[in-house]
Amino acid sequence: MVKILLAEDDEIMRISVSDKLKKFGYQVDEAPDGLAAKELCNKKMYDVVISDIRMPGLDGLELLQHVLKQSPTTDVIIMTAYGSVDDATTCLREGASEYILKPFDMDDLIIRVNRLIDIQKVRARCTILEENCCQEYDKELIGSSMAMQEVYSIIEQAAPTNATILITGESGTGKELAARAIHRRSTRKDKPFVSINCAAIPEGLIESEIFGHERGAFTGADRLHRGKFELADGGTLLLDELADLAAPLQAKLLRVLQESCFERVGGSKTVNVDVRVLGCTSKDLHKEVEVGRFRSDLLYRLQVIPIEMPALRDHPEDIDELCRHFLAEFNHAHGRSVSISAKAVACLKQYSFPGNIRELRNIIERAMVLCRASEVGPGDLPRELNNVEQPDDELNLAQALAKTEYRCLLNALSASQRNRTKAAELLGISRKNLWEKLKAHNIA
Ligand SMILES: Nc1ncnc2c1ncn2[C@@H]1O[C@H](COP(=O)(O)OP(=O)(O)OP(=O)(O)O)[C@@H](O)[C@H]1O
Ligand SMILES: [Mg+2]
């Protein structure tokens with residue numbers, strides 16, 4: 001229930017405002033002066049404080065300062081008479097959310113209170129969403145293998161500089177995690193980290209997403225829109241799936257990297273920014289340059305410092321540690337205390353993980369959710385993994401064929417970067433046939 005504190009020395013006024021608020025379902029505490037209000041604030045958290053500006057003892061401004069010190073998320077509405085509008089503006093400067101001139105219409109006050117409560121709800125949701133999004137990615141990279149140590153060492157050295165870094169590696173190897181780790185270790189860590197997935201946004205929209213547009217730049221552009229470069233000003237911009245950037249944008253990006261300035265779509269005014277650019281891609285950019293899909297000058301400008309994230313099959317020694325890490329994470333999330341058997345870990349170590357660490361993480365989560373015992377065993381792992389434990393399967397032709405088919409599908413998807421047309425080509429089957437097989441094997 002929304003809690004409101006009403007501080008007003010005029011009794012009639014206090015009672016009528018309080019009655020109206022209560023009628024709207026708000027819980028209202030009343031204080032006849034500033035000191036009484038201050039005491040109530042020390043005991044209880046209020047969503048909104050509505051205070052008269054002139055009160056004996058402690059006035060509205062002093063109460064406001066006290067409330068905001070105690071609870072910065074509380075909204076304070078100051079009630080003021082015509083003569084004290086200047087004081088009211090001082091209150092706004094000090095952090096009051098609104099002021100309302102006496103005498104006022106009660107409905108007007110209710111509208112203002114409702115609006116503040118709505119904004120509080122949105123703010124609370126944003127915080128939760130922000131925390132949830134960050135949780136998955138504000139984690140550190142796990143793994144102590146030589147391959148990972150090399151990655152850490154480049155990150156430690158390069159992060160504090162302003163150098164552009166190109167992070168490559170197969171899907172699910174932790175490229176985005178690495179990018180965020182770099183930002184956290186840079187002098188820009190308190191400034192925004194903004195990321196944009198160049199492959200996920202339609203070609204017609206991407207330029208305005210990255211560089212923004214002026215009002216009237218195209219039909220429907222009814223207001224100025226700031227792009228990711230402006231949002232990231234002072235901080236870091238991650239261009240994810242960078243290989244998919246169209247040629248004209250590659251040219252524009254090259255210019256920002258060289259001159260730190262650009263024009264919004266439909267504009268002639270030059271915008272200057274201070275942004276550190278990180279790029280991620282699972283494609284081989286040198287090959288893309290060879291076939292003419294990517295500018296060589298841009299590639300050289302981007303890969304001032306290259307980081308190659310290793311495929312999980314190249315550092316299987318990290319599987320133990322990663323398993324323990326993901327188990328702890330999901331135990332915490334699902335309120336459980338499941339462990340994993342040595343046999344299950346052995347099965348995992350024999351697997352090739354075309355989806356890399358993301359696939360391992362998904363396998364662990366799925367196994368934990370499905371497992372009824374307190375320990376994940378080989379039987380809780382996907383079929384193609386626990387086969388290692390059951391060589392008898394090899395005697396069943398249908399099962400062996402299905403297993404091989406499954407593996408071929410995953411390998412083709414991995415080799416084609418999940419491009420289905422290409423995967424079907426590699427497998428020598430039609431797209432429709434591929435689609436049916438993916439469905440039969442439950443591969444998303
Ligand atoms: N070294 C690691 N330690 C812990 N978790 C990791 C590690 N690498 C990846 N992950 C986890 O695997 C998942 C995929 O990571 P991320 O999104 O960074 O990969 P990616 O290389 O950007 O993949 P894609 O190319 O598909 O975008 C995330 O849930 C991430 O937390
Ligand atoms: Mg990624």
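# Notebook: salt bridges and helix packing

I began with helix H19 (residues 431-440), where Glu436 and Lys432 sit 4 residues apart and are therefore separated by about one helical turn. I then looked at their side chains and found a salt bridge between Glu436 and Lys432, with the closest N and O atoms 3.1 Å apart. I noted the exposure of both ends as well: Glu436 is partly exposed at 38% relative accessibility, whereas Lys432 counts as exposed at 59%. A reminder to myself: this is a predicted model.

**Entry: the wider count**

How many salt bridges does a search of the whole structure find? I got 30. The idea behind the search is a simple one: side chains of opposite charge can pair when their charged atoms come close. I picked out some further cases to look at one by one.

**Entry: Arg115 and Glu98**

I looked up Arg115 next and saw its side chain meet that of Glu98 in a salt bridge, at 3.2 Å from N to O. This pair links distant parts of the chain, with Arg115 in helix H5 (residues 106-137) and Glu98 in strand E5 (residues 98-101), 17 residues apart. Buried or exposed, I asked of Glu98? Glu98 has 12% relative accessibility, so I put it down as buried, the cut-off being under 20%. Arg115, on the other hand, is partly exposed, with a relative accessible area of 43%.

**Entry: Glu140 and Arg184**

Here I found another salt bridge, between Glu140 and Arg184, and the closest N and O atoms are 3.2 Å apart. The two residues are 44 apart and again join distant parts of the chain: Glu140 is in the loop between H5 and helix H6 (146-158), while Arg184 belongs to helix H7 (residues 175-184). Glu140 is partly exposed at 37% relative accessibility. Arg184 is partly exposed too, at 23%.

Arg112 made me curious, so I checked its surroundings. Arg112 lies in helix H5 and is buried, with a relative accessible area of 18%. Which residues does Arg112 contact, leaving aside neighbours within four places in sequence? I listed Ile77, Glu98, Tyr99 and Ile100.

**Entry: H13 against H14**

I moved on to helix packing. The axes of helix H13 (residues 319-334) and helix H14 (residues 342-350) come within 10 Å and cross at roughly 120°. H13 and H14 are therefore oblique to each other, and their crossing is right-handed. From H13 the contact uses Ile319, Asp320 and Cys323, and from H14 it uses Val345, Leu348 and Lys349. By class, I counted 4 nonpolar, no polar and 2 charged residues in the contact of H13 with H14.

**Entry: H13 against H15**

H13 also packs with helix H15 (residues 356-370), at an angle of about 50° and with the axes 10 Å apart. I noted H13 and H15 as oblique to each other, with H13 passing H15 in a right-handed crossing. Among the H13 residues that meet H15 are Leu322, Phe326, Leu327 and Phe330. On the H15 side the list includes Ile357, Leu360, Ile364 and Met368. The contact of H13 with H15 holds 11 nonpolar, 2 polar and 3 charged residues.

Technical notes
Residues numbered from 1 in each chain as written. Chains lettered and ligands numbered in written order. Predicted model: local features only at pLDDT ≥ 70, side-chain atom pairs only at ≥ 80, totals over all residues. Heavy atoms only, no water. Salt bridge = Lys/Arg side-chain N within 4 Å of Asp/Glu carboxyl O. Buried < 20%, exposed > 50% of the residue type's maximum accessible area, 1.4 Å probe, protein only. Axes fitted to C-alpha atoms, helices over the stretch in contact; angles between N-to-C directions. Parallel < 35°, antiparallel > 145°, perpendicular 65-115°, else oblique. Left-handed = near helix turned anticlockwise from the far one by under 90°. Contact = heavy atoms within 4.5 Å. Nonpolar A, V, L, I, M, F, W, Y, C, P; charged D, E, K, R; others polar.
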